[in-house]
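Student: Could you walk me through this structure, one question at a time?
Tutor: Gladly, let's look at it together.

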Amino acid sequence: MTDATTGIRKTDRPGFDRRLLPPMLLGSVLNPVNSTIISVALVPIGRALGAPASQTAWLVSALYLATSLGQPVVGRLIDIFGPRRLFLISTALVGVAGVVGTLAPNLGVLIAARVLLGFGTCAGYPAAMALLRSEAERTGRDSPGGVLTALAVANQTIAVIGPLLGGLLIAAGGWRATFALNVPLAVAAVLLGLWRLPRPAGTGGAPRRGQSAARLDLPGMGLFAAMLVSLLLFLMNLHLRDGYLLVIAAVAAAAFTVRELRAATPFIDLRVLGGNTPLLATYGRALVAYVVAYAFLYGFSQWTEEGYGLTPFHAGLVQIPMFLVAIGVSLVSGRRRSVRGKLLLGAAGQIVACLLILTLTGGSPLWMLLLVALVFGVPQGLNNLALQNSVYFQADPERTASSAGLLRTFAYIGSMVASSATAASFGQRADTGGVHQLAWVMLGAGVLYLLLTVFDRTLGRTATADAPAAK
C-alpha cells in the first residue's frame, strides 16, 4: 500500500521504536501504583500513628494536590524541552520521597513524602504521550494502537493490583514497606531513562536553550497554581467557613484567563482549548469518571477492612476480580476503534456497581463483595483507555504532553472530590451507613458521566476517523 502524498509504501516506513516501551511503561505507572497502594495502608497507618480516617485522607489528597498541579506544568516543560531531562529529574524525586516516607516519624512528614511523590510522578505519563507523538512524526505513521493499549493496560494493571500489592507488602514489612517500594522503582526508572530515552536533538533544527526558556509562561503557571491549589483545598474539606478559598480561586481564574489570552506563548492556549469542544468534553468525563473510580478504590477498601472486618491483605484479594476483568476488557477493547461504545459500556458498569454497593451490609456474603469488584472491572478497563485515546487524537500535536497532563489534572480533581466525599461519609470510622452514603455520591457522578457521553455528538467522528486499530 502506497502513501498518496509521498509515494512511499507504508510497509517500508520504520516502525515504532519498541526500546522506548520499558521506560514509558514504568514511568507512567509510578503514579497509579502510589495512588492505589495507599488504599489498604490507610487503616494501618491510622492505627500506628493514632490518626482517624479524616486525617489519613490527607495522604490521598496531598498526592493528588501535588500531581494535579504538576502534571500540566511538567507536561508543558516536556513539550518545550523534551521528555528525557524531565523524566530523569522527576523519577529521581520519587526515590527521595520513598526514603522520606519509609523513615517518617509522624503523619505530617508522611504527608510531605506524599507531596514529593506527587511531583515526582508527574513526568511519566506526559513523557510517554510525547514520545508517542514524536515517534509518529519520525516514522510517518500514527502511533500504533497497541502502544496506547499497552499504556492503558499497564496503568490499569497497577491501579487494580495496587491494593493486593499493598496488602502483601504490609503483611511482609508493615505499612512503611509501601513507601520503601518507591526506591527500587525509581532506580530502575532512572537507569532505563538514561539507557533508552533519546537525547534532545542538536542545535541544527532545535531551538536554543534561551529560546526554549522564552516560551515558558511563568506568570501563567503561577496563576494556574493559585487557582488550582485554592480550589482543591476547598474540595478537600467542603465547608462554608472555607468559602474564601473559592473567592481566591475565582480571582486567580480571572487573572489567569486574562494572562493566557494576552501571552505570546501561553501556558495553556485558552483560545485553542476553548474551541476544542471534543477535548473539553473528554476532560469533563475524566473528572466525573474518577469521582466514581477513586471513591470506590478508597471508600470500598476502607469499608471492607473496618465495616466488614477483612485484613488489609484480604481487602486486596477481594479486588482481584476487578484486576482480571479490567485487564481482559482493556486488551479486547483496545483492538476496537469505537470510543463511544467503550464510554457507554463503562458508564453502565459504573451505575450497576454503585447500585450493588447500596445492597451491601456488614453481614453480606463474601461473594457479593467479589461481584461488586467484578462489575467495577468493566468501567475500570474501558474508561481510561477511551479517555486516553480521545486526548491523543483530539489534542494539538504541539501540546500533546501538556494536554495529557491536563487530562490527569481533571482526573485528580475528580479523585479529590472522591477523597472529600469519602472523608465526609465515613468520619471517624468506615461503617456500612457511610459506604451507602458514598455510593449515592458515586451514583450521581456515574449518571452525569453517562449523560456527558450520550449527548456528545463528536465522539463518533473521533472514534472512527482517527483512532488506529491495535498492531
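Tutor: By class, the lining of the second largest cavity has seven nonpolar (Ala, Val, Leu, Ile, Met, Phe, Trp, Tyr, Cys, Pro), three charged (Asp, Glu, Lys, Arg) and three polar residues (the others, Gly among them). This is a predicted model, where local features need pLDDT of at least 70, side-chain atom pairs count only at pLDDT 80 or more, and totals for chains, interfaces and linings use all residues. Residues are numbered from 1 along each chain as its sequence is written, and side-chain values use heavy atoms, without hydrogens and water.

Student: How much space lies in the second largest cavity?
Tutor: A cavity is a set of points on a 1 Å grid over the protein atoms alone where a 1.4 Å probe fits but cannot get out; lining residues have an atom within 4 Å of a point. Volume is the space filled by probe spheres set on the points, with grid points joined across faces, edges and corners. For the second largest cavity, that space is about 140 Å³.

Student: Which element gives the largest share of the lining of the second largest cavity?
Tutor: Helices are DSSP runs (H or I, at least four residues), numbered from the N terminus. Two elements give two or more residues each: helix H13 (270-274) and helix H19 (400-426). The largest share, three residues, comes from H19.

Student: Is Leu452 buried, partly exposed or exposed?
Tutor: Leu452 is found in helix H20. Buried means under 20% relative accessible area and exposed over 50%, with partly exposed in between (1.4 Å probe, protein chains only). At 32% relative accessibility, Leu452 is therefore partly exposed.

Conventions:
On a 1 Å grid over the protein atoms alone, a cavity is a set of points where a 1.4 Å probe fits but cannot get out, and a pocket is an open set with protein on both sides within 12 Å along at least five of seven lines; lining residues have an atom within 4 Å of a point.
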